[in-house]
Every structure is written in structure tokens, then in C-alpha cells.
Amino acid sequence: MFRYFTLFFVLLTMSTAGQNRLLLLQQAVDSAFLNNPDLNQARAVLTQKENEWRTLTGIEAPEFSYFEEGINKDVTKPFEERRWTVSQKVDFPLTTVYRLKAVKQEAKALSYRIQAMENEIRSRVKSKYIEVLYALHLQELGRQQKALADDLYKAAYTRFETGMGNGMDLMNAELQVAEAENVLSEAERLLHMARYSLFYLMGLEVSEISYAIQFADTLSSNSVEINQIQALEVLHEQPAYIAALYDYQAAENKLKEAKSNILPDISFNLYQQNYGDGYNFHGFEVGLSIPIWLPFEQKGKIKMAEARQTEIEWQQKSIELDMKQQIEHAWHNYQSSKQVIDRYNETMSEKSEKLQALSLKAYQLGEIDLLNLLNAQQTYLTNQKRYLTALRDYYLELALLEKYLNLKLVY
């Protein structure tokens with residue numbers, strides 16, 4: 001599973017400090033599965049839960065004892081009775097059965113919860129990787145905006161020098177250059193935030209983080225050819241929902257365990273007696289622990305178990321509503337983003353770029369004023385940013401749907 005990750009860090013070790021290091025999407029996911037602190041913590045808790053049954057068998061450690069009675073060293077028979085005893089206490093078997101069933105179901109619930117966590121981490125890593133690529137494209141768009149602002153300034157300055165323009169146009173052009181630099185600074189800030197968020201999810205050490213790490217802008221996607229109803233049909237197949245079902249079953253068994261506490265615990269004693277020469281006997285004793293304080297300890301356990309069962313029922317409802325909302329939002333946002341992308345590719349991209357180029361040429365020739373040129377450039381930049389945002393949202397919603405549909409949609 002982690003072969004890509006291992007290969008990746010072998011390559012990192014072999015690389016020199018000045019070389020770029022390419023981080024692929026799948027490598028980022030594999031690194032998170034191996035090193036994410038929250039995920040590894042949950043796995044350790046699962047190991048504890050899987051071994052907890054050994055401590056809950058209801059069988060206490062046996063007790064060995066030695067007993068002498070009527071000790072008198074001055075007489076021929078120095079004692080009246082001598083006894084070796086082995087004592088063992090156990091819970092009522094039915095109580096133990098319910099307790100062990102509950103622990104087993106809690107372990108299953110935790111394993112499904114870890115599956116849900118892995119799906120969540122996979123989705124989040126892919127989302128952060130997409131955010132990094134989005135920030136890189138914003139930087140490129142910022143550079144384009146800076147280049148357009150520089151061209152605008154040159155054209156305004158030329159017209160000002162030749163007497164065709166005025167100082168206001170030149171000042172406006174200077175402001176456009178400053179604004180383009182602000183856009184570049186903001187894109188750089190977003191890039192740093194996205195990079196470090198991704199590295200945290202991957203569990204990278206500080207020494208492994210470097211500006212030499214590059215990102216592959218070659219994402220592919222599988223289109224989701226299902227309708228909204230089909231998307232909601234997978235709701236009850238989600239690991240988080242199944243985990244809640246096992247939690248509920250565990251709560252049921254804990255309630256049965258609490259009710260079975262009214263049954264007596266059992267103790268066994270096996271002993272060997274010696275009343276003097278020629279008298280060696282074996283004895284056996286069975287005892288029952290009667291829960292006479294039922295209104296206190298036992299009733300309290302029953303009420304707590306019933307309340308826990310009610311808590312799990314509402315937790316199930318909350319999980320169901322939350323997942324339904326996320327699936328519906330992801331589905332509608334995916335559809336909306338796809339429409340924006342298609343519309344941009346079909347008409348808006350070519351026309352806005354052509355309008356911007358023609359407007360700059362017309363301004364240089366004095367055929368239009370600065371306002372029309374700025375409007376053309378703003379239209380071009382707005383369309384470009386809207387397209388990038390829609391492309392980012394498209395991949396983000398696919399990454400979210402991937403978590404629920406159990407399909408590889410972004411790779």
C-alpha cells in the first residue's frame with residue numbers, strides 16, 4: 001500500500017538540496033495514511049479495544065491460603081485443624097457473555113470509524129493538494145494581471161509622452177500595477193497556507209518540508225454519471241453510519257449486562273483438611289454473591305446503560321442528517337461547477353482573450369479610452385479567475401463525493 005510513499009522518500013534521500021522534488025497526489029495520500037497523528041492514534045486505540053476482552057472475562061485471580069487452628073506447641077497434637085485452600089470468584093456467566101459481546105461490537109465500531117477516518121483523510125489530502133494547485137494557478141493569473149498592468153502603463157505613458165493622453169490615465173495605470181502586485185502577494189499567502197496544511201495532513205517532519213517540493217499539475221478525474229437519488233442511496237453504506245450501528249448493538253448488550261447484574265456472582269473454594277494423624281480430607285464450597293443493594297449500584301448501572309442507548313440513537317440520527325446534507329451539497333456544487341467549466345471552454349475563454357487583445361491595440365491607436373480598456377481587461381481576468389475557481393470547486397466536490405461513493409474520482 002505504501003510502496004509509492006517509500007519510493008518517494010528514497011528518492012528524497014538520494015536527491016541533492018538544489019534539486020526539485022515532485023510530490024504526486026497518491027504519494028501525499030500514502031504519506032498521510034502512514035504518518036497522520038490522528039489516524040495512528042485511532043489505530044492504537046483499536047488495538048487496545050481488541051485486547052480489552054482479556055481483562056473483562058469476569059474471572060478474578062485465584063486466591064491461595066493456608067490455615068491452622070488451635071495451635072499449642074506444648075501438647076502432643078500441636079494444632080486442631082490445618083487447611084490449604086484455593087478460592088476462585090467468577091461473575092455470573094450470562095453477565096460475562098453480554099460484556100464480551102459489547103466489547104467485540106465496540107471494536108467493530110471503532111474499526112469502521114477508522115475506515116471513515118481514512119476516507120476523510122484521503123478526501124482532505126486531495127482537497128489540500130487541489131488548493132495548492134489552485135494557489136499556483138492564481139499566482140500565474142496574478143503574473144498575467146501584472147503583465148497586463150505593465151502593458152497598460154506602457155501604453156498610457158506613451159500616450160502621455162506624445163500628448164495623446166493625460167495624467168489621470170497614467171495615474172490610473174500606476175494603480176493597476178500596484179493592485180496586480182497585491183494580487184500576487186495574496187496568491188503567495190494562499191499557497192503557503194495550502195502547502196503547510198497539506199504537509200500537516202501528510203505527517204511530514206519539519207526537516208522534510210522544503211520549498212524544493214513541487215506539485216504535479218496533471219490531475220485527472222472520472223465524471224460522476226449518477227443522479228442525486230443514487231448518491232443518497234449509499235448513505236447507509238457509509239463506515240461512520242455502520243460504526244454507529246455497532247455502537248448501538250454494543251449499548252444494547254451493555255444494557256443486558258447491567259440488568260444481568262441482579263444475578264448472583266459465584267465463588268468456589270477447594271481445600272484440603274488435616275485434623276491430625278490419619279485424618280486427611282478434601283472439602284468443596286460454593287458461594288453466591290446476592291446483590292441486596294439493587295436500588296443503588298445495579299439500578300444506577302441500568303439507568304446509565306439506558307441513557308447511553310438513547311445517546312447512540314440520537315448520534316445515529318445526527319450522522320445520517322449530516323452525511324445527507326454533505327452528499328446533497330457536494331452533488332449540487334459539482335453540477336454547478338461543471339456547467340461553469342463547460343460554458344467557459346465553449347465560449348467565454350476565446351472571446352474574453354480576444355476582446356482583451358483587441359482593446360489594448362485600440363487604446364494604443366487612440367480608438368478607445370482607458371475605461372473601455374480597463375473593462376476589457378477586467379472581463380478577461382474575471383473570467384479567468386471564475387474558471388479557476390470553478391475548476392477548483394469541481395475537483396473539491398469530486399474529492400468529497402469520492403469519500404461517500406467509494407469510487408476513485410480524482411487521481
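Residues are numbered from 1 along each chain as its sequence is written. In this predicted model, local features need pLDDT of at least 70 and side-chain atom pairs count only at pLDDT 80 or more, while totals for chains, interfaces and linings use all residues; side-chain values use heavy atoms, without hydrogens and water.

**Overall fold**

The protein has nine helices and six strands. These are DSSP runs numbered from the N terminus (helices H or I, at least four residues; strands E, at least two). Of its 411 residues, 38% count as buried. Buried means under 20% relative accessible area, exposed over 50%, partly exposed in between (1.4 Å probe, protein chains only). Among contacts with a separation of 6 or more, 79% join residues 24 or more positions apart. Contact means heavy atoms within 4.5 Å.

**Helices α2 and α3**

Helix α2 (residues 25-35) packs on helix α3 (residues 37-51) at about 45°, with axes 6 Å apart. That makes α2 oblique to α3. Angles under 35 degrees are roughly parallel, over 145 roughly antiparallel, 65 to 115 roughly perpendicular, and the rest oblique. Axes are lines fitted to C-alpha atoms, for helices over the stretch in contact; angles run from 0 to 180 degrees between N-to-C directions. Ala32, Phe33, Leu34 and Asn35 of α2 meet Pro37, Leu39, Asn40 and Arg43 of α3.

**Nonpolar cores**

A nonpolar core is a set of buried Ala, Val, Leu, Ile, Met, Phe, Trp, Tyr and Cys residues joined through side-chain atoms within 4.5 Å. The largest has 59 residues; Leu23, Val125, Tyr129, Leu198 and Phe215 touch the most other members. Elements that each supply at least two residues include α4 (93-161), α5 (167-202) and β4 (213-215). A second, separate core of five residues includes Leu152, Leu170, Ala173 and Leu374.

| Residue | In contact with (heavy atoms within 4.5 Å) |
|---|---|
| Leu198 | Leu23, Ala28, Val125, Lys128, Tyr129, Val132, Phe215 |
| Ser260 | Thr95, Tyr98 |
| Leu110 | Val45, Leu46, Lys49 |

Ser260 lies in helix α7 (residues 239-260). At 4% relative accessibility, Ser260 counts as buried. A polar atom of the Ser260 side chain lies 2.7 Å from the backbone oxygen of Glu257.

Leu110 lies in helix α4. Leu110 is also buried, at 14% relative accessibility. Leu110 and Glu50 are 60 residues apart in sequence, yet 9.6 Å apart in space, C-alpha to C-alpha.

Terms used. A polar contact is a pair of N or O atoms within 3.5 Å; within protein, one must be able to donate a hydrogen and the other to accept it, and residues adjacent in sequence count only if both atoms are side-chain atoms. Lists of a residue's contacts leave out its neighbours within four places in sequence.
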